[in-house]
Amino acid sequence: MPQPELVFETIISNGYAKTLDPQARTLLVESAPLMEAWSRTECRPKPKGGMEEWAKENKLEPESCGWYHGTWQYLRLLDMVAVPHWHREFYNERLGEILREKPHADILISAAADWGMLVSLHEAIQIAGATPNIVIYDICKTPLKACQWYADLHKLPITTRCSNIITENIADAPFDLIVTDEFLSVLKAEYKPLIVRRWKELLKPGGAVVTVAMMGGATTPELREGYARRARLLLEKTNGDYLPGHGEGKKIHVLERCANFAEFHTRHMVSGEEELRGLLSGFERVECRRITTPGECVNPTDSFQIVATKLAE
């Protein structure tokens, strides 16, 4: 199976990756405009859930999550959204350990903004020399299309399913490993205990959830304004290396998308370790490490790196 070259120039400091490696940047430059195009046809209105739910409840404009998925990778190029890459060392270490022990593991990626979590899993697969079975569930088809794009590019076998993992049947269960990045940070309070219980139900005995979650408070109007302002400043500082070949007009277009993102996007972060451990109390073993990351609206932001394991029979 052809594999991408591993790029380890990333500087790890204080537990997170401080720079975007050249391979990831190249992928983002190619796929960001693609994701914007896919979001126009693949992001659909949903009766419940999805990244647009908060905005719809507050009588704002979006009926689908297109504003989110079509902008996400542009913001990644500005390092303005929380991504698995920030936790590269953690994912390499913990996923690598599990995959060395279970090289043919059944793995669920439980929701994905784009192909970022799949890249982190792919890297751990290469480190461990594993050949797992990977299935990705998300409520929207756009991130699934992005994951399939990456998988096709690297000849990595995956299965994608468009489904609400909390409420719908997961035919591919049970799993040895569930991995997801910041899913607990985007779910409203009422959904958090539901997804944690669901994860445990979907695991095999001895299986584990590996994830991260940001700590913080409400997304206030002031934070939204500051976020949009920072995006503008960062875009103004970029030259032709932001989206080579697209010109200054594209930067103006991206800025408009970033402003919409700032208006609509709402994080529902955990309040602290006590809340997190309460949510995960149904698991027999929980490892929780607190680190500081660049953050999104609040810079920096503390995050938790988590491994929750179900008791083996």
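**Talking it through**

Mentor: Start with Leu 77. Its relative accessible area is 7%, so Leu 77 is buried. Keep in mind that this is a predicted model.

Trainee: OK. Which helix is Leu 77 found in?
Mentor: Helix 4, which covers residues 72-77.

Trainee: And what does Leu 77 touch, leaving out residues up to four places away in sequence?
Mentor: Five residues: Arg 25, Leu 28, Val 29, Tyr 242 and Leu 243.

Trainee: How far apart are Leu 77 and Thr 26?
Mentor: In sequence, 51 residues. In space, 10.0 Å from C-alpha to C-alpha.

Trainee: Switching to pockets. What volume does the largest pocket have?
Mentor: About 690 Å³. Its lining counts 42 residues. Nearest the centre are Met 51, Ala 111, Phe 183, Val 186 and Leu 187.

Trainee: Which elements give two or more residues to that lining?
Mentor: Helix 4 is one of them. The other helices are helix 2 (53-57), helix 3 (66-69), helix 6 (116-128) and helix 8 (183-186).

Trainee: How does the lining of the largest pocket split by class?
Mentor: It has 22 nonpolar residues, ten polar and ten charged.

Trainee: What about the second largest pocket, how much space lies in it?
Mentor: About 210 Å³. It is lined by 13 residues. Closest to its centre are Ile 98, Glu 101, Gly 206, Ala 208 and Arg 285.

Trainee: Which element gives the most to that lining?
Mentor: Helix 5, with four residues. Strand 7 (203-214), strand 8 (285-293) and strand 9 (301-309) each give two or more.

Trainee: And by class, what is in the lining of the second largest pocket?
Mentor: Seven charged residues, three polar and three nonpolar.

Trainee: Now zoom out. How many helices and strands are in the protein chain?
Mentor: Twelve helices and nine strands. The radius of gyration is 18 Å, close to the 20 Å that the globule rule gives for 313 residues, so the chain is as compact as a globular protein of that length.

Trainee: What does the C-alpha trace span along its principal axes?
Mentor: About 60 × 45 × 40 Å.

Trainee: How much of the chain counts as buried?
Mentor: Of its 313 residues, 56%.

Terms used:
Residues are numbered from 1 along each chain as its sequence is written. This is a predicted model: local features need pLDDT of at least 70, side-chain atom pairs count only at pLDDT 80 or more; totals for chains, interfaces and linings use all residues. Side-chain values use heavy atoms; hydrogens and water are left out. Buried means under 20% relative accessible area, exposed over 50%, partly exposed in between (1.4 Å probe, protein chains only). Contact means heavy atoms within 4.5 Å. On a 1 Å grid over the protein atoms alone, a cavity is a set of points where a 1.4 Å probe fits but cannot get out, and a pocket is an open set with protein on both sides within 12 Å along at least five of seven lines; lining residues have an atom within 4 Å of a point. Grid points are joined across faces, edges and corners, and a volume is the space filled by probe spheres set on the points. Ala, Val, Leu, Ile, Met, Phe, Trp, Tyr, Cys and Pro count as nonpolar, Asp, Glu, Lys and Arg as charged, and the others, Gly among them, as polar. The radius of gyration is taken over C-alpha atoms; the globule rule is 2.2 Å times the number of residues to the power 0.38.
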